[in-house]
Amino acid sequence: MDLARVKKLACDNLQNAPVDPVELRNAAKRALLFQRYILRRAFGILYAISAFALAIEIILPFALQPFLGTSSWFWFIYAAAVSIIGIMIAAIPILILDKATRTIALRNAMNSQESSRRNQWILTALYAVFYVLVAACFVIFTSESFTIIYGLLIGLDALVIIQLMSMFSNDIPIEGKIAALAFGASAVTSFVLSILVPTLSLAAPWIILCFVWLFCALYALKKAPEEWVEWTD
Amino acid sequence: MSEKELRLQSSNSEVLKALGEQFNDPALKSSTRILILISLALNKKLRFVDLLLLTGLGKGSLSNHVDKLEAAGYVERRFLMTFRGPRVVVEVTQKGMAVYANFVKLVGQIRE
């Protein structure tokens with residue numbers, strides 16, 4: 001049944017009806033479009049904080065080594081610092097997931113599809129499992145854990161891409177693609193290198209990633225409002 | 001009119017009636033206020049400047065809409081201290097979320 005007829009029905013059947021179904025659907029559609037701006041901005045903040053956290057993780061060993069050498073205390077303090085940073089970063093995608101879950105539920109309701117709320121909670125659970133595994137690797141395996149962690153990071157990148165695809169209806173913003181690809185490339189490079197040359201610890205891919213994420217953050221925060229204004233004009 | 005179409009008409013009529021009852025409150029007799037409520041329900045809270053961007057309205061006009069929603073108990077206005085000075089944040093209430101939850105149930109039943 002087309003909307004014009006539904007509208008006519010509204011007038012015929014509900015003489016005092018305050019509701020215009022066309023306007024209701026349009027309001028919901030506009031709110032959904034606006035969510036792209038909100039989520040893009042939220043991801044922009046996530047990229048910025050991730051870049052900052054990664055920079056600290058790279059710098060921290062160099063800062064600790066003169067005082068602690070490579071003793072077990074060094075690994076303990078480093079693992080604790082990385083875990084705290086990891087938990088802080090983990091909280092942001094979970095907060096974004098909360099907004100995204102409601103957005104996807106409305107989008108699905110508009111398209112008469114079943115809600116994928118369960119899928120979003122599976123993603124959240126997978127994030128939690130990932131962070132527990134990384135923390136466990138540091139505590140149990142210490143210096144030998146890097147290959148496993150790089151392997152886990154490749155899995156995390158796949159999770160991020162799935163999350164981005166579901167949030168942006170398969171139309172991932174350009175900075176999202178760049179951030180996810182750069183993260184994946186760094187993880188794969190480090191994973192392969194840690195197998196081929198176990199004694200080599202290469203910071204270069206991660207330093208490059210810091211700058212890429214910083215660029216993505218600035219791009220997202222600048223372009224998100226511009227895109228919204230372009231759409232509404 | 002076929003039997004299927006009649007059934008669909010009846011179904012849509014019920015949906016519209018339910019929507020009519022839901023949005024019978026004068027505070028919700030505006031598509032702008034419904035838009036604000038939907039967006040707030042999706043994000044729990046939004047800055048006033050975000051609502052300006054969302055609606056494309058002027059400050060005074062938007063403030064009037066938020067006043068009406070606040071008076072009806074759908075939203076709450078709060079002041080947040082930031083590094084760049086105080087900012088107004090509008091937050092959806094339980095009552096607002098309840099309206100939104102019903103809206104989500106019903107909006108999918110209006111077919112395009």
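**Entry 1: chain B, overall**

What pattern does chain B follow, read along the sequence? I read α-α-β-α-α-β-β-α. Before going on, I noted that this is a predicted model, in which local features need pLDDT of at least 70, side-chain atom pairs count only at pLDDT 80 or more, and totals for chains, interfaces and linings use all residues. Residues are numbered from 1 along each chain as its sequence is written, while chains are lettered from A and ligands numbered from 1 in the order in which they are written.

I found five helices and three strands in chain B. Helices (H or I, at least four residues) and strands (E, at least two) are DSSP runs, numbered from the N terminus. Chain B has 112 residues, and 33% of them are buried. For burial I used C-beta atoms placed from the backbone: a residue is buried if 20 or more others lie within 10 Å of its own, exposed if 12 or fewer, and partly exposed in between. I also looked at contacts, meaning residue pairs whose C-beta atoms, placed from the backbone, lie within 7 Å. Among those in chain B between residues at least 6 apart in sequence, 54% join residues at least 24 apart.

**Entry 2: the sheet of chain B**

I traced the open sheet next, and its three strands come in the order β1-β3-β2 (chain B), with antiparallel pairing. Here two strands pair if DSSP finds at least two bridges between them. β1(B) and β2(B), the latter spanning 75-82, are the edge strands, each pairing on one side only. On average, neighbouring strands are turned by 30° against each other, direction ignored. Axes are lines fitted to C-alpha atoms, for helices over the stretch in contact, and angles run from 0 to 180 degrees between N-to-C directions.

How many bridges join β1(B) to β3(B)? I counted three, with the strands running antiparallel. R47(B) stands opposite V89(B) of β3(B). β2(B) and β3(B) pair over eight bridges, in the antiparallel sense, and a hairpin joins them through two residues. In that pairing I looked up E76(B), and its bridge partner in β3(B) is E91(B). I then checked α4(B): this helix lies across β2 and β3 of chain B and runs at about 120° to β2(B).

**Entry 3: helix α3 of chain B**

A reminder to myself: an α-helix has 3.6 residues a turn, so residues three or four places apart point the same way.

**Entry 4: helix packing around α2 of chain B**

I looked at α2(B) against α3(B): their axes come within 11 Å and cross at roughly 130°. That makes α2(B) oblique to α3(B), since angles under 35 degrees count as roughly parallel, over 145 as roughly antiparallel, 65 to 115 as roughly perpendicular and the rest as oblique. The contact uses T32(B), L35(B), I36(B) and S39(B) of α2(B), and L51(B), L54(B) and T55(B) of α3(B).

Then I turned to α2(B) and α5(B), residues 94-107, which pack at about 100° with axes 10 Å apart. That makes α2(B) roughly perpendicular to α5(B). From α2(B), L37(B), I38(B), L40(B) and A41(B) meet G96(B), M97(B), V99(B) and Y100(B) of α5(B).

**Entry 5: chain A**

I found seven helices and zero strands in chain A. Of its 233 residues, 26% count as buried. Among contacts between residues at least 6 apart in sequence in chain A, 69% join residues at least 24 apart.

Is R25(A) buried or partly exposed? R25(A) has 17 C-beta neighbours inside 10 Å, so it counts as partly exposed. I located R25(A) in helix α2 of chain A. The C-alpha atoms of R25(A) and L153(A) are separated by 41 Å, and the two residues are 128 apart along the chain.

Key. Two residues are in contact if their C-beta atoms, placed from the backbone, lie within 7 Å.
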